[in-house]
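Subject: Structure handover

Dear colleague,

Here is the structure I said I would pass on. My notes on it follow below.

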Amino acid sequence: MQNATYDVIVIGAGPVGENVADRVVQGGLTAAIVERELVGGECSYWACMPTKALLRSQAALRAARQLPGAREAVTGELDAAAVLRRRDAVASHWKDDGQVSWLDSAGIALYRGQGRIGSDRIVEVTGADGATTSLTARHAVVIATGSSALVPDIAGLREAAPWTSREAAAASEVPGRLAIIGGGVVATEMATAYAGLGSTVTMLVRDGVLTQAEPFVGERVTQSLREAGVSVQLGAEATSVSRDGDGTVHITRADGNQIEADEILVAIGRTPNTHDVGDRIGLKPGAWLTVDDTLRVVDSAGALIGDGWLYAAGDVNRRVLLTHQGKYQARAVGDVIVARARGEAADDRPWGRHVATADERAVPQVVFTDPEIASVGLTAAAAEAAGLRIRVVDYDLGGVAGAALHADGYQGQARMVVDEDRRVIVGLTLVGPDVAELIHAATIAIVGEVPLERLWHAVPAYPTVSEVWLRLLEAYGR
């Protein structure tokens, strides 16, 4: 068995693990990272990047068709094969040479294989050849193993070889008929993508579409999907699935009705990648990890594991299952490990350098459906549940001058949620074509707790869609 020692060992080389390792190295410590698959993780090869590549071409085509002059120049249909080729390039053809080169340039050691915590500060790495390397961490071990798609216990489903988000993101062919179980982000984005690529798409949505967002979000996306030819079956639940000899998938609903498809995508949630990482130190296999304010792993009673050498960042701690928030956590984790290694106190005040306060108060998210959904902070329902005295301000996004120029017949909606006691914005949701790039302004306003009185002095350029900020303030009133 080979042995090596580093200041910090990170298990998982996705965007979160890479950022942790980079921060500690920049802070003057040594770091090793362990990865059992591709360096770059889920986001680079099976999620954020390839899925958005599947969606971008059709979004550009829709935008052109909404503008006279440009509309007349578009003479053909979407080239699905070309979209898939571009998706392959965006996913680096599922090769991680570039990411490995970056690790090397950053001074981060890479160990390929399954990483398991054997005891305090000891990570055992089993390679593909069965050889084991023992790594010792002087200061910290960070679990950044992410999550995987959850496959429910529906009779026959696993035997039918369903797609998960991975197969949907990496498919080499567009199925003629695609059935989707779920109504969340992955389900609606992939319904949008594959309907645009030519599939006949059926969605079985038991609990509603995008239910964590403002109610009008799900309503608008459902309407748009149906207009695109997607069969959105609300209240539908699959009770059994089978695949016959010619590859056809048969889905039986709870009401007895049956659906046939060429592929079935399951998109109902995520499960943590903790099945084989820390059971020797008392971590429950397959369970989400609980962390304190500085993202150290704690047990069910809230006590630190060991003397606080174990951290968890990204999906695996279940705070927010979004890549950008995981990277945000990673920066905090890397910095606090360096501070503690130097004997410095952690800055664990709200909005301090070593905590991830935004996970609770200002999480931005974009859903790349048609229309796009961009949101940050709390929905009206979440704000009320938190005990805030709020006022909700809605505005027709299509009524903004910049929107009328952006596209003929532009339709959208904006909602601002205001904490009346502090007179600051705590949530903003935008629905409409190309709203993704508008959301960071709202993120800054919420994180900075900018008073509404000061926001009046942030004058939006005319004529842009950002003028909605002025309209929301006018609707709220001085």
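Two strands are taken to pair if DSSP finds at least two bridges between them. With that cut-off, in this predicted model, β12 (residues 249–253) and β13 pair in the antiparallel sense, over four bridges.

As a general point, strands of a sheet pair through backbone hydrogen bonds, either parallel or antiparallel.

The chain as a whole

The chain has 16 helices and 23 strands. Its C-alpha atoms fill a box of roughly 65 × 65 × 45 Å along the principal axes. Of the 478 residues, 51% count as buried. Among contacts with a separation of 6 or more, 63% are between residues 24 or more positions apart. The accessible surface comes to about 21000 Å², and 48% of that belongs to carbon and sulfur atoms.

The disulfide

The structure holds one disulfide. It joins C43 to C48, with an S to S distance of 2.3 Å. The torsion about the S-S bond of C43 and C48 is about -135 degrees, so the disulfide is left-handed. Is C43 buried or exposed? C43 has a relative accessible area of 12%, under the 20% cut-off, and is therefore buried. C48, at 23% relative accessibility, counts as partly exposed.

Backbone points to check

Most residues other than glycine have a negative phi, and most peptide bonds are trans. The places below depart from one or the other.

- A cis peptide bond joins D370 and P371, with omega about 5 degrees. P371 lies in the loop between β19 (364–367) and β20 (372–377).
- The peptide bond from Y462 to P463 is also cis, with omega near -5 degrees. P463 sits in the loop between α15 (452–455) and α16 (468–476).
- R121, a residue other than glycine, has a positive phi, near 65 degrees. R121 is in the loop between β4 (114–119) and β5 (122–126), and is partly exposed with a relative accessible area of 22%.
- L210 likewise has a positive phi, near 50 degrees. L210 is in the loop between β9 (200–205) and α9 (215–227), and is buried at a relative accessible area of 8%.

L67

Which residues is L67 in contact with, leaving aside its neighbours within four places in sequence? They are E72, L405, H406 and A407. L67 itself is found in the loop between α3 (48–65) and α4 (70–73). With a relative accessibility of 29%, L67 counts as partly exposed. L67 and A445 are 378 residues apart in sequence, and their C-alpha atoms are 32 Å apart in space.

Regards

Definitions and conventions: Residues numbered from 1 in each chain as written. Predicted model: local features only at pLDDT ≥ 70, side-chain atom pairs only at ≥ 80, totals over all residues. Heavy atoms only, no water. Helix = DSSP H or I, 4+ residues; strand = E, 2+ residues; numbered from the N terminus. Buried < 20%, exposed > 50% of the residue type's maximum accessible area, 1.4 Å probe, protein only. Contact = heavy atoms within 4.5 Å. Areas by Shrake-Rupley, 256 points an atom, 1.4 Å probe, with all protein chains shown as cover. Disulfide = S-S within 2.5 Å.
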